[in-house]
Amino acid sequence: MKKSKIFFGTGCLLVLVAILFLIFAFNHPEMSFPWNNNVTLTLYGIYVILTVAMFVLSAILKKR
């Protein structure tokens with residue numbers, strides 16, 4: 001299997017997990033993380049960067 005397909009599949013899986021997390025979070029507003037909001041926003045930012053990186057790597061490797 002090509003690496004570009006692996007990165008694309010991983011990116012799609014990360015997007016799917018994010019969508020499922022949002023659905024769960026909107027249905028359970030009483031739940032929250034036990035730490036500061038800065039930590040949560042940092043984790044969200046890292047997740048978004050990682051997801052975008054998977055699609056970018058997929059596109060770069062597909063051109064080769």
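# Aromatic cluster, pockets and helices

User: Why does Trp-35 count as partly exposed?

Analyst: Trp-35 has a relative accessible area of 38%. Buried means under 20%, exposed over 50%, and partly exposed in between, with a 1.4 Å probe and protein chains only. The value for Trp-35 falls in the middle class, so the residue is partly exposed.

User: What kind of model is this, and how are residues numbered?

Analyst: This is a predicted model, in which local features need pLDDT of at least 70 and side-chain atom pairs count only at pLDDT 80 or more, while totals for chains, interfaces and linings use all residues. Residues are numbered from 1 along each chain as its sequence is written, and side-chain values use heavy atoms, with hydrogens and water left out.

User: How many aromatic pairs are there, and what makes Phe-21 and Tyr-44 edge-to-face?

Analyst: The count is 4 aromatic pairs. In the pair of Phe-21 and Tyr-44, the ring centres are 6.2 Å apart and the planes stand at 65°. Rings of Phe, Tyr and Trp (its six-membered ring) pair if their centres lie within 6.5 Å; planes under 30 degrees apart count as stacked, over 60 as edge-to-face and the rest as tilted. Both values meet the rule, so the pair is edge-to-face. Phe-21 lies in helix H1 and Tyr-44 in helix H2, so the pair ties together parts 23 residues apart in sequence. Helices (H or I, at least four residues) and strands (E, at least two) are DSSP runs, numbered from the N terminus.

User: How accessible are Phe-21 and Tyr-44?

Analyst: Phe-21 has a relative accessible area of 34% and is partly exposed. Tyr-44, at 38%, is also partly exposed.

User: Why is the pair of Phe-33 and Trp-35 called stacked?

Analyst: Their ring centres are 5.2 Å apart and their planes are at 10°, so the pair is stacked. Phe-33 is partly exposed at 37%. Phe-21, Phe-33, Trp-35 and Tyr-44 form one aromatic cluster.

User: What makes the largest pocket a pocket, and which classes of residue line it?

Analyst: On a 1 Å grid over the protein atoms alone, a cavity is a set of points where a 1.4 Å probe fits but cannot get out, whereas a pocket is an open set with protein on both sides within 12 Å along at least five of seven lines; lining residues have an atom within 4 Å of a point. The largest pocket has a volume of about 280 Å³. Its lining includes Phe-21, Phe-33, Trp-35 and Tyr-44, and H1 and helix H2 (37–63) each give two or more residues. By class, there are 7 nonpolar, 4 polar and no charged residues.

User: Which classes of residue line the second largest pocket?

Analyst: The lining has 8 nonpolar, no polar and no charged residues. Among them are Val-17, Leu-22, Tyr-47 and Val-48. H1 gives the most, with 4 residues.

User: How do you know that the length of H2 agrees with its residue count?

Analyst: The expected span is 1.5 Å times one less than the number of residues. For the 27 residues of H2 this should be 39 Å, and the end C-alpha atoms are 39 Å apart, which agrees. Thr-40, Thr-51, Met-54 and Ser-58 are buried in H2, and the buried residues of H2 pack against H1.

User: Why is Ser-4 called buried, and what is it in contact with?

Analyst: Ser-4, in helix H1 (residues 3–27), has a relative accessible area of 9%, so the residue is buried. Leaving aside neighbours within four places in sequence, Ser-4 is in contact (heavy atoms within 4.5 Å) with Ser-58, Leu-61 and Lys-62.

Terms used. Grid points are joined across faces, edges and corners, and a volume is the space filled by probe spheres set on the points. Ala, Val, Leu, Ile, Met, Phe, Trp, Tyr, Cys and Pro count as nonpolar, Asp, Glu, Lys and Arg as charged, and the others, Gly among them, as polar.
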